[in-house]
Amino acid sequence: MEWAVTLGVVVGLVAGLAAGLLLVVMVPAVRARVTSVAGRSGRRLGMGRLAIPDDQQAGLGRRTIDSLRAGVVVLDADDQPVRVNPAARAMGLLRTGATPGSVVAHPLIRTLAGQVRRTGVRREIELDLPRGRDSAGENPLGVHLRAMAIGGGHVAVEAVDVTESHRLARVRRDFVANVSHELKTPIGALQLLAEALLDATEPAGAGAPDLSEDLVAARRFAERIQHESTRLGRLVQELLELTRLQGAEPQPPPEPVAVDWVVAEVVDRTRTSAAARHIEVAVTGERGLTVYGSDTQLATAVSNLVENAINYSGEDTTVRIATRADDEHVEIAVTDQGIGIAPTDVDRIFERFYRADQARSRDTGGTGLGLAIVKHIASNHGGRVEVASTLGGGSTFTLRLPARPPDDLLATLPPAGIEAGPAELRQA
C-alpha cells in the first residue's frame, strides 16, 4: 500500500514539473504572439499611426474639401489660387486673369489673405456681393468669409452662403421702416389735436370762473393724450434710427471726430432735463482725444447714456462724463448715482424694449430702445459698450472706441461685380 502512495506522489511531482516547464516555454511565445497581433491591430485601427496609406490621404483630403457646402479657396504666398472647391466656384469667387485661360481670386479674397499674412490674426467679415456686372443691385450674394493662415505663406478662406438670412433681415428692416414712416403722420396729428384741446380748455384769465368738472376731465385726458403721443413719436423716431443702424442705409464713411465736441454737444442736449431734476453734469478726463466714425451717431450714443443716467438718478446728484485713452482705445464713461441695476438684468439691458424698471420707464417716457441704439452705434464703429453697476449704488456705462482709423476693406474693391472663371484650375 505504501508503495502505491509513494508512486502516486512521484507521478504527481513529475507531472507538476512537466507542466511548469511547459508553461515557462510557452509564455514568451504567447507574449510575442499577442504583441504581434496587437501591433497589427493597432495599425489597422489607427492606434499610433493612420490607418490610411500616405499615398491615399491627399486624394481623400481633396474629395473631402470638394464635398463641403461651404466654399474653400486656398491662396499661396503670391495670392494665386492653388485649391478651390466646387462650392467656391458656384459662388463666383474667381475672376478671369490677365492672361487667357488663367484665373485669380476675387479682390476681397486677396485683401483678406494679405491682412492675415501681415497680422497673423484670423479675419472674418460678412457682407453682400453683387453676382455679376449686369445685375449688381439685384439679388446680391450674402457671404460670411473667414480667412486663416495655414503655413508657408498659404491662406485658407472659407465662404458660407448666408443670402437667405440677409434677405430675411432686409425684409424685416424694410417692414419696420415703412410702418414707422406711415405712423409719423397720424402721430403728428394726435399731438396737434391734443395741443388744440388743451388750448380750448385753458382758463381765460385770473378772474375767470373755475372750470366745470367736465372741462377739468377733458383737460386731464388731453394732457395724457399729449404725453402718450409724444412718447409714441419718440418710439417711432428711435425705431427708424435703429433700422438705419442695422443696415437699412449705408453707413457714412468714417471721419475723425473730436471727443471734446461730442461731450460738449451731449452736455448741451441734456442741459434742460438735468436742470429740471437739479442734476449736475460734470466733465472730467483727458482732452484733445480723437475717434473715427460719424459725429452725429457718437453724439447720439453718449447722449442716450447721459439721458438714462439723469432719468434713473435722484435729484441733487451728479452725473459724470469721463474720457481717457490708451494706445488702442478711447473710453467715454458715464457714471451716475442712481438706483443701479440688478445682476439678473445686466445681461439684458441692451436688448430692444427691455426695461429693468418698468414703472420708472413709463414715468420718464422711456422706449426701451436707447441702450440698443448705443450698442449698435458702438458695434458699427468697431467698439463696444460695457456696464458696471451695483444695485442701489449707481452705474457706469463705458463706450470703448478704436483710437486708430478703421481698416476699410470695401475701399479696396473695384466697382465691378464677381465673375466666375473657367473650370480649369491648378490642383494642390
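This passage describes selected local features of a predicted model.

Residues are numbered from 1 along each chain as its sequence is written, and side-chain values use heavy atoms, with hydrogens and water left out. Because the model is predicted, local features need pLDDT of at least 70 and side-chain atom pairs count only at pLDDT 80 or more, whereas totals for chains, interfaces and linings use all residues. Helices (H or I, at least four residues) and strands (E, at least two) are DSSP runs, numbered from the N terminus.

The loop between β1 (71-75) and β2 (81-84) contains Asp76. Asp76 is buried, at 12% relative accessibility (buried means under 20% relative accessible area, exposed over 50% and partly exposed in between, with a 1.4 Å probe and protein chains only). The side chain of Asp76 reaches the backbone nitrogen of Gln80 at 2.8 Å. The loop between β1 and β2 also holds Asp79, which is buried with a relative accessible area of 19%. Most residues other than glycine have a negative phi. Asp79, however, has a positive phi, near 65 degrees. A positive phi of about 55 degrees is likewise found at His278, which is not a glycine; His278 is placed in the loop between α8 (271-276) and β9 (280-285).

The structure holds 1 aromatic pair (rings of Phe, Tyr and Trp, the last by its six-membered ring, pair if their centres lie within 6.5 Å; planes under 30 degrees apart count as stacked, over 60 as edge-to-face and the rest as tilted). The ring centres of Phe350 and Phe397 are 6.3 Å apart and the planes lie at 80 degrees, so the pair is edge-to-face. The pair links distant parts of the chain, 47 residues apart: Phe350 lies in the loop between α10 (343-346) and α11 (358-364), and Phe397 in strand β14 (residues 394-402). Phe350 is buried, with a relative accessible area of 16%, and Phe397 is buried at 8% relative accessibility.

Two helices, α7 (residues 259-269) and α9 (residues 295-311), have axes that come within 9 Å and cross at roughly 50 degrees (axes are lines fitted to C-alpha atoms, for helices over the stretch in contact, and angles run from 0 to 180 degrees between N-to-C directions). Helix α7 is therefore oblique to α9 (angles under 35 degrees count as roughly parallel, over 145 as roughly antiparallel, 65 to 115 as roughly perpendicular and the rest as oblique).

Helix α6 (residues 213-248) includes Ser229, which is buried at 4% relative accessibility. The C-alpha atoms of Ser229 and Gly188 are separated by 7.9 Å, although these residues are 41 residues apart along the chain.

Notes:
A polar contact is a pair of N or O atoms within 3.5 Å; within protein, one must be able to donate a hydrogen and the other to accept it, and residues adjacent in sequence count only if both atoms are side-chain atoms.
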